Amino acid sequence: MPFPDAQIPRRQSWMAVLARASQPELVRLLQAAPPLPAFTRLRAPEAGLAMVRGRTGGGGAPFNLGEITITRCSVRDTDGHIGHAYVKGRDAAQAELAARLDAVLQDASRHDDYAEAVIAPLAELQTARAAQSARKAAATRVQFFTLATMRST
Amino acid sequence: MAYVAVKGGERAIDNAHAWLAEDRRGNPDVPDLGTDQIREQLGRSVDRVMAEGSLYDPDLAALAIKQAQGDLIEAAFLLRAYRTTLPRFAASMPVETDQMQVRRRISAVFKDMPGGQLLGPTYDYTHRLLDFTIAAGTPPPKPAEMPAEPVAIPHVHGILDHEGLIERDTPAGGEPFDLTREPLAFPAGRDLRLQALARGDEGFLLAMGYSTQRGWGGTHPFVGEIRVGEASVFLTPPELGFEIDIGDITLTECQMVNQFAGSRTVRPQFTRGYGLVFGHGERKAMAMALVDRAMRAQELGETVAAPAQNVEFVVSHCDNIEATGFVEHLKLPHYVDFQSELETIRRMRADAIGDILQEAAQ
């Protein structure tokens, strides 16, 4: 069944959250959710590369910066939903759990269970990490001030 | 000339490698070093190996560093070799560095600018005195935090852009050249040059960049901006047909702003050299930006005279894996080559003596 276009932004946001989650984090949070549906592997977790591109001058034509290891996985669960994962790194278990969650999150009747138990806490954790980094950076902001000189009177 | 196979080195090689393994481990009374410790506590080494190995994977880089006993060029070589075992699934969308979650961002040209000067975790302003509390394992103090919104910080050169005082980026399309798929070819476009510099040797680029400052192809540079932080990587898998975010990578970007006298068609304005590297690598990013700008001499109508301005020279010699391969191959057996040289020299000497004797006899 094709994935409806209107739902793409939601799916992108949960996939982004899953890509940043470690396998132990996923296992821990799934304990608070109903068991994931059984599934068959359409494409077993597989490690490979993506060529990361930059932009000339920061905003211009693309150039090839270097490669990154990624792992991909595709599954179909017993309800017929097809889940995909492409995640940074070489963790096969993380990629498979991310693909299984991508499948079950497409199911309208089950979506909220997993969104609440897994996606929401992960998103909160990831936002908190980014916010803490921003606060540390803010503490290193230079506060310029000008000294009055003899000549300025 | 045919190669002559000579056998007999196998046992010596095996024994040499076994000794190497023991040597790598060091004194067994000292605890073994975990690759997680390398990843977490030798981050700048990990970053350099990822940049020059041209493969972003901190865990693999940490293993490579351990395996190479901290020889970073050897470690980068290990990563380059490993990458050839993996299939390539995709190319990413270009990373948008103006959307980075910035930890450090400084400018040497504007004091006050949107987003401000964020020093981040830096060695600048340290006294370069050995700190024995680190040897003692004293836990570090907790860094200060101040209120902040995690917002994107715009590039500094945008400030000059609306006056037309600085050159604009040209967002020309097309597939960029890929050094990992196609052999080097000249003339080399800026896409090829930037890829070669991004994986080039930090020491080589540092020396080349330094040479431009000392008058060998001067570019009158200012640091427009340096930023370090995390950028999201997006790619579009064909089975999905839409862009997805696969996670963050640490990047260092340097925008070097350079004087430009103008030409017949372009009024005087500032030009820019660009540096972008995996991980936290400011020295490398700055050197890359200097050399990128120097290599644009011909395009900008400047005289091409200095080594750093010579595209073929820089691009052909900046890769430390290729350089080390060619330099170090000299230690492999050249017995037959040398034997033939030896015979040539003997013959030449014999001929010379023969000539002298003949002259003396006359």
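Buried area is the accessible area (1.4 Å probe) that two parts lose on being put together, summed over both. The model here is predicted, with local features needing pLDDT of at least 70 and side-chain atom pairs pLDDT 80 or more, while totals for chains, interfaces and linings use all residues. Residues count from 1 along each chain as written, chains are lettered from A in the order written, and side-chain values use heavy atoms, without hydrogens and water.

**Exercise 1.** Work out how much area chain B and chain A bury between them, and which residues of chain B lose the most.

*Solution.* Start with the total: about 5800 Å², of which 61% lies on carbon and sulfur atoms. Now look at chain B: B:Phe89, B:Phe242 and B:Ile246 lose the most area to chain A, together 12% of what that side buries.

**Exercise 2.** Find how many residues each chain brings to the contact.

*Solution.* Contact means heavy atoms within 4.5 Å. On that basis, chain B brings 78 residues and chain A brings 52.

**Exercise 3.** Count the salt bridges between the chains, then look at one that A:Arg135 forms.

*Solution.* Take a side-chain nitrogen of Lys or Arg within 4 Å of a carboxyl oxygen of Asp or Glu as a salt bridge. The count between chain B and chain A is nine. In one of them, A:Arg135 pairs with B:Glu145, with the closest N and O atoms 2.8 Å apart. Next, see which element gives the largest share of chain B's side: strand 5 (residues 244–258), with nine residues. Strands here are DSSP runs (E, at least two residues), numbered from the N terminus.

Notes. Helices (H or I, at least four residues) and strands (E, at least two) are DSSP runs, numbered from the N terminus.
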